[in-house]
Each structure stands twice: as structure tokens, then as C-alpha cells.
Amino acid sequence: MGKQGFYVSKALAVVFIVLGLGALATIIALSVVYAQEMNRNTNGGTNGGTGTTTTTNNRPVTTAAPSNEPWDQYRLPKSLEPTHYSVTLHPRLKAQEGTGLYIFTGESSVDFHCKEETDLILIHSNKLNYTSKAGGEWAELTVVSGADTAPTITESRLQTETQYLVLTLDRKLTKNAEYRLTTTFTGELADDLGGFYRSEYVENGQKKVIATTQMQPTDARKAFPCFDEPALKATFDITLIHDAGTVALSNANSVNLTENADTETVFERTPKMSTYLLAFIVSEFGNITDTVDDIKIYARKPAIDAGQGDYALKITGPILKFFENYYNSSYPLPKSDQIALPDFNAGAMENWGLITYRETALLYDPEFSSNSNKERIATIIAHELAHMWFGNLVTLRWWNDLWLNEGFASYVEYLGADNAEPDWGLKDLIVLNDIHRVFAVDALASSHPLSSPEDAIQKPAQISELFDAISYSKGASVLRMLSDFLTEPVFLKGLQTYLQQFAFGNTVYTDLWNHLEQAVQDLEFNLPFNVTDIMNTWVLQMGFPVVTVDTTTGIVTQKHFLLNPDSEITTESPFEYENTHTHTHMLHYKQFLVKQNRLDGPQHGAPDFVLPKKPPQDTPRDAVECLLQIHKTHVNWSGELPQAIPVINRAQLVDDAFNLARAKIIPTVRALSTTKYLTGEMAYMPWKSAINNLEFFFLMFDRSEVFGPMQKYLQRQVQNLFTHYNNATAGYTADAVGHQNQYTQVNAFSLACRTGLTECQNLASTLFKDWMATGVNKIRPNLRTTVYCNAIAAGGVDVWDFAWGQFQKATIATEAEKIRYALTCTKESWLLNRYLEYTLNPTLIRKQDATSTIIYIAENVVGQNLAWDFIRARWPYIFSQYGGGSFSFSNLINGVTERFSTEYELHQVRLSLSFCFCFFSS
Ligand code: BES
Ligand code: ZN
């Protein structure tokens, strides 16, 4: 790469710093070393976090099945369709004598309709053992209607790869007849967080066991034999058999309890629904109820008694009402339960009428929970409640359209939570949490389009891969844009008629576009393009465009924005970014960026902002610089003067500048310069945007010679903010006023400590030592994570061991989580290694938390290599025990390699991954 004007030699840069020429020198030095890093990496091919240079089609069309036999296909044949299931399950909450295993037994019958004649029954079944019926086979087949007698089953076997119970018949089933298939089976109630599984906790010194479920995406087949595809909706009669003194829950209300030695809880029939939304739970939990709306929150009894479910209960009713109004559709079920489980892989799961959560995602205690914990609870509840209609009442036909389901819930969660907590400014935060987040991954050559062809997604592992930042955050971002340019009334009209038409049924994503198109026409909304044309470029094409406005000619052009400008995209795409004249993609931009002179849409509260037509000075300047100039002259320390640039756009400009610099469109100096004005910035979003982007600099430089000067520079930038909150909150012993200010207070503290401000580090140690000395923790919940982390980083084994003791004693998961993170902050290698060993011992660190703990350790500059060596040494074990979870394994690889930037490191990753895949495909 040719050197450009702003690059100076490294030696000169270092001299600058030595001479103490201040901010400018630091910024220049940083950009020089940065450029060198990038050079080194692009020459060799990758990466510095900017992605691989080439990509092959990253959604390979299904690997060829071993044969064309129906049982070797991952998709069910279309011949049979279930209508109704009766399932009785009996989980044993005590280990079996001898084997020590926990098991469940079950009996199930499924009524199905024969659509095409066939002498083969394929039904999903995974890790279940069947008991032979009278004829010696594993199932019994009877006629419900439409035929005189049922064929005889001649063979029963399991096809493990495709997860089927295969039954062959002596003759064909009659077209249009209804049959009933009955089975008896057992399965293991393992601690593997999938299907029907076991969660454990200790209460008053006693071990308690819960039986619970996680079916999505393909684990209902691990609980009972079923046609486990989302379009095969049916009604369900569920019965749970359990010990007296335990409570049984499922999607529907219970109709009766028969008390024998065992209690039998029978549930009402469910509406027509998909198998992945089923839930069965047996526990000794307590609950609190809002009897008016039949809303309940379940959790461990001590948590309920301590009021930890109260906040969730308080906001659920209002959020449900918000969605009833938003969807113009009443809540589809007679009850709404939400339950906090000690062991849970994802954050939460939208089982219809019985939503399951991690404890940290549902339970709130003002004495322990931070404002960030509270916000997560509000948004995650809103997200799952949004699914009760969008996803559950109307379900996408197949997993390839998952992005619409998760993207939609990830967009409207902000609306639902904002309704419950209107003072938090939540709707703005989608910009940081989703838009910026996904820009960073969608700008890589390794990205992929939102939509995948139906036949490209077949295996369970391919389905699990779809739960990624593209589906969630890009999905949310494009839907927000769509709602914005259609205006909310039009968007809602289309959404409402869509839900009405397809209630209890299934759709593809274009069904929603059609309804929106109809709404555009019905409401006579003036939209120059049709919805499908506008959305196709966002949905069928990977990445997003960078738009250049020539401020002298007014000409607007665009190209595919890639963090690594040298990357080659080999994925086929139906569109081209560069064709600026004919594609609606571009016109769309013109209309919404330039014609309306807005940077952000009207519904999000951002005042109009006019892009300057001409730079204010003679020298050519780019938009970033102009805007920051305007801002600087208008903002004062009180933060009250005319905010020339709305807060969202300030955050956006900082993020854009850093990304444009990484893509070599503007000089790195320019991006770093956007941090200069921060000495006068009070708002959360721009600061957070800067901190997020500086994270990359920390990762790249915390082992290099520019780290010292960088620290010094950033310390100066944050000093004002640190002092401000020190004064305003009595030395960080009180909370700032206002939700986002509370975040800023915490960010000020953590950045000050991180950049080595002694006053901050001492304060952290003092606050922590007071806790150690008195046994009373006076640290404000908001600040706990950062105070603990800094105190543990500064302290030795005594501090670490004290914190570990507190972790084990914690009675609320949210406190345990803060300590679990902070324990990874120590600078002692041996403590980090010891902690790494703990992560694979489920009695010390729950399985659900293992991968995130390893990732936190890798974030620590001292822990980076330790974590990398650790996972390579235990690759097979980690993969078999922790690889099944949908988010966790790819997160793990990502997390522990985050600091990697050299050819050598790339080589190591390649080598290790190839070893891993060889191992598991053999
Ligand atoms: N349906 C998902 C849960 C899920 C994720 C199940 C992956 C199976 C595999 C649920 O609606 C969800 O999206 N949960 C998110 C929380 C949400 C606020 C983004 C989660 O678990 O993090
Ligand atoms: Zn979701």
C-alpha cells in the first residue's frame, strides 16, 4: 500500500511523544503504528480484525447426504402431517441407583393426516430409547378415521445422523385417512441444557433438581418423538407426572391434578403451535401473581421471597398491553408465565405461554442489580413477549427466515421496553447495540446476506448458525429503517393484517412485504418504490453501502463498505453496489439522506439536521470534520446549549470515522481526532461509541510501545468526566441522575481506571478493601463490576480468594455474574490458570457460564495466551461439552482470538480449527 501524506515515520512519532507534544503527537503516533500493523496484515492476506480477504460461499448448499433414501434427508417428507399429540412425561428428579443417571419416561401418541400414500413413517427422535409394543415393534399404529384397518409395522429403527425413528409398514397408508402412532420411551435428563434437561441449585444446604426444557431449534425430538419442523403445527395435550410437593408447568393452564403417590398434572389443550415452542417444567419453585391478567413469575423460593421477581411482574402487564395495541390483536393465550432457571443456555426463550429465562435476565434486586441489569430485564422481557405474536402465533415456515423472527423481536423490544420505562431513552440505544454492532461484522468479507435459500439450511448445526449478529442486529436495523420510511401507521397496518391473515399458521418473509405493500396502497401513502424492491437489496445482498456526497457537485455515489478494502467478495449477489443509477438502493439513500436532509428518521426524536452543502472553509474537508467543528463550537460543559448535532448522530459520526479509517477511506488521524472533542462531551452515546471503537486500539496496542502514550492521552480525555461525577456523586458513592447518565458515570470510572488514573484505581481498591474489612458491601450496584475488576487487578491472591468466596455465597445471580467477570481481571497468571481450570468444572462454574468466562480471561492482556493455550489443549472436551449451544462455541473462538493480528497467529488458528474439524468429522 502506498504511503499517504499523513503517515510519518515511527521513529519521528516516538520522538514526538518523548518531547511531550501532547494529544496530536499521540494521535499521530497511534495512527502510524496502526498503519504499520495494517500493512503487515494486508500483505499477508488478513486480518487485524478486518476479516478474511476472500470468501467462498459461506452458506454451503447441503453437504450431500449419504444416499437419496428419505431417512438420510434432514427434511421430513411431505406425506404425513400431524394434527394432535397427547404426551405424558415423567421426569425423575433423583438419580437412578447404580447408574447415577437422571432419566425421564414418556408415552406419546400423535394423530397425523396422510397426504400422500406411503409405506414409511419418519418421525424425529433423538437420544430416546423405545419400549417394544405387543408386536415387538417400537410403536403401535391405529386408525382414527378414513380407513378400516391400519397397516402393520414391519421394522423399527433409529437413524441417528438425521435423528429419525424409522418405521416401515407392510402396506401403504391410505391417502386422506387419519392415523394414531403410539410410543413408550425413556430418555436421559442430562445437564446438557437442551431438550428435556436437568438444572440444579442449592437451597438451605440442600441440593434441588429441576426438570426443564429448551426445544428451539431442534431439540423437541429429544423429549418425545415428533414431526419437529416449525410448519408442522398441531395441538398438544400434555400431562406431567411428578412428586407431591413439586409444581408442574407447561404452555397451557393445568386442568386437574390427580394426587396419588405421584401427582399427575394434566394441562389444557394448546392452540395449534410449533414443536419448538413447547415447554415442560417440574420444580419446587415459588411464584408471584398478577391475578387480573393471569401473569405469573416463577423462581427459586428464596428469590421470590426476596422480591426479585417483582420488577418483572410490574412491567409484564404494561408491555403485554403495549403489544396488544401495537399488533391490534389480543394476547393469544389464557395465561402468561415467566420462569427464571439457574441453568439456561441462551438469555431467554419464547416458549408460548411459558417463557424461560436465565436468572440474570429476569430477577431484579435494587440492592444488587445495576441499571444495566435492569435495562436488560426490561428489553429481554419485551423481546420474548413480542414473539408471543410475531413468531409464535404466526411462525416462519422454515429456519432460513429466522432473521425476520429474531430481527423483528430485536427491533420491537426497544418499543416495548420504552413503553415500560419511558425515561430511559431506550429507542436511541438500538443505534449502539444493534446498528453499530452489526456494521462491524457486516463490513467483513466473511459476512452473509440476511436471507438464505430454504434448501441451504438443513442440518441442526446449520440452523443453529443462523442465530448470529446478522439475523438479530441487521434484522432489527433494517426493520427499523423500514418502519421509519413507511411511517409507523403504514408499518403497523401491514403488520396487523399480516398477523390476522396468518394467525396459527406459517409464512415466508415476503408475505410481510406483501402486506406492507397493501397497507401503502390502502393508506394512499406516497412511496415512490415498492417495499419488495427497496428491501431486496438489504435482504438478499450482504454488507451495506458507504455513500459519498460530493459537497461541491452534489453527486452522490455508493460502494460496498468493506473494512478491509482489499477483500474480494466471491459470494454471488443479485445486485451490484456500484451501479448508482438504476438501483433503488441508491435512490432510496438519495431520498432519505439528501432530499429530506436528515441523518436520522423523524420517529426517533432526532431533530432535522442539515448536511452542509459546502464546507465552511476553503480547504477541502470531509463531512466528519465539518460536523465535529460545528459541534465543538456549540457544546459547552453544561451540555445544554443548542445541540447542533443530535446525540445519535454524534455517536454515529464517531463510529463512522473509526470505520472509515479502518477501511482506509479517511486517515486514522482523522478518526482519532474525533476523540478530541470528548473533553466537552457529557452524553452517553457518543462516549460509548468512542469507547467501543477504542476497544480495537486497546486490543491491537496493549502489547506495543504506543500503549503508554495512548493511555496518557485517553486519561486526559476522560479526566473532566471523571472529576465531574466524582463531585456530583460524592466520590462515586451515589448514583448519577438519569439512566444514561448512570452509564456515563460508570464509563467515566472504568475508563479512568483503565487508562491508569491513580485516583480512580485507589478509589476502587479502597471501596473493595472496606468490604473485605467490614463484611458490608457499600459499593453501588452500578459500579460493582468495574470496582471489583479494578480492585482484583490491583490486588493479590487474598483479594481474589475473598471475591471467589463471595461468588460462591452469592444468592442472586446478578451479583455472582459481576464477581465472575471481575475474577478474570487479575494480573497474576497463576490465578488466571487456576480460574481457567475452574471453568470446566460445573460444580464451580455453571456450564452456561463456562465459555463466557474463558472469553473474559482472553480479554485480559495477561490471560490472552493462557486462554488460547487452554482451549487448544482441551479442544475435544470443550467441543463435546460446550459446542452444542447455539451462541456459545462460535463466540468462544471469536473471543479468544480477538487480539490476533499477525500472520503467525492466523496460521495457528487455521491449524487448530482444522484439527478440531478433523477430530469431529471422524
Ligand atoms: N429464541 C431466542 C432464544 C434462542 C436463541 C433459542 C438461540 C435457541 C437458540 C430468544 O427469543 C432470544 O432471542 N433470546 C435472546 C435475547 C434477546 C433479548 C436478544 C438471548 O437469548 O440472548
Ligand atoms: Zn428472539
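Predicted model: local features only at pLDDT ≥ 70, side-chain atom pairs only at ≥ 80, totals over all residues.
Q: Why is Glu-406 called buried rather than exposed?
A: The relative accessibility of Glu-406 is 2%, and buried means under 20%, so Glu-406 counts as buried.

Q: What makes the pairing of Glu-406 with His-383 a polar contact?
A: The side chains of Glu-406 and His-383 come to 3.1 Å from each other, and since a polar contact asks for a pair of N or O atoms within 3.5 Å, this pair is given that name.

Q: Which residues does Glu-406 touch, leaving aside its neighbours within four places in sequence?
A: Glu-406 is in contact with several residues, among them Gln-216, Glu-350, His-383, His-387 and Tyr-472, where contact means heavy atoms within 4.5 Å.

Q: What does the side chain of His-387 reach?
A: The side chain of His-387 reaches the backbone oxygen of Phe-390 at 3.3 Å, to be set against the limit of within 3.5 Å for a polar contact.

Q: Where does UniProt place the feature "binding site"?
A: The unreviewed UniProt entry places this feature at His-383, His-387 and Glu-406; although these are spread over 24 residues of sequence, they cluster in space, with a largest C-alpha distance of 8.8 Å.

Notes:
Residues numbered from 1 in each chain as written. Chains lettered and ligands numbered in written order. Heavy atoms only, no water. UniProt positions renumbered as here; feature names shortened; annotations may be inferred. Polar contact = N/O pair within 3.5 Å; in protein donor to acceptor, adjacent residues only side chain to side chain. Buried < 20%, exposed > 50% of the residue type's maximum accessible area, 1.4 Å probe, protein only.
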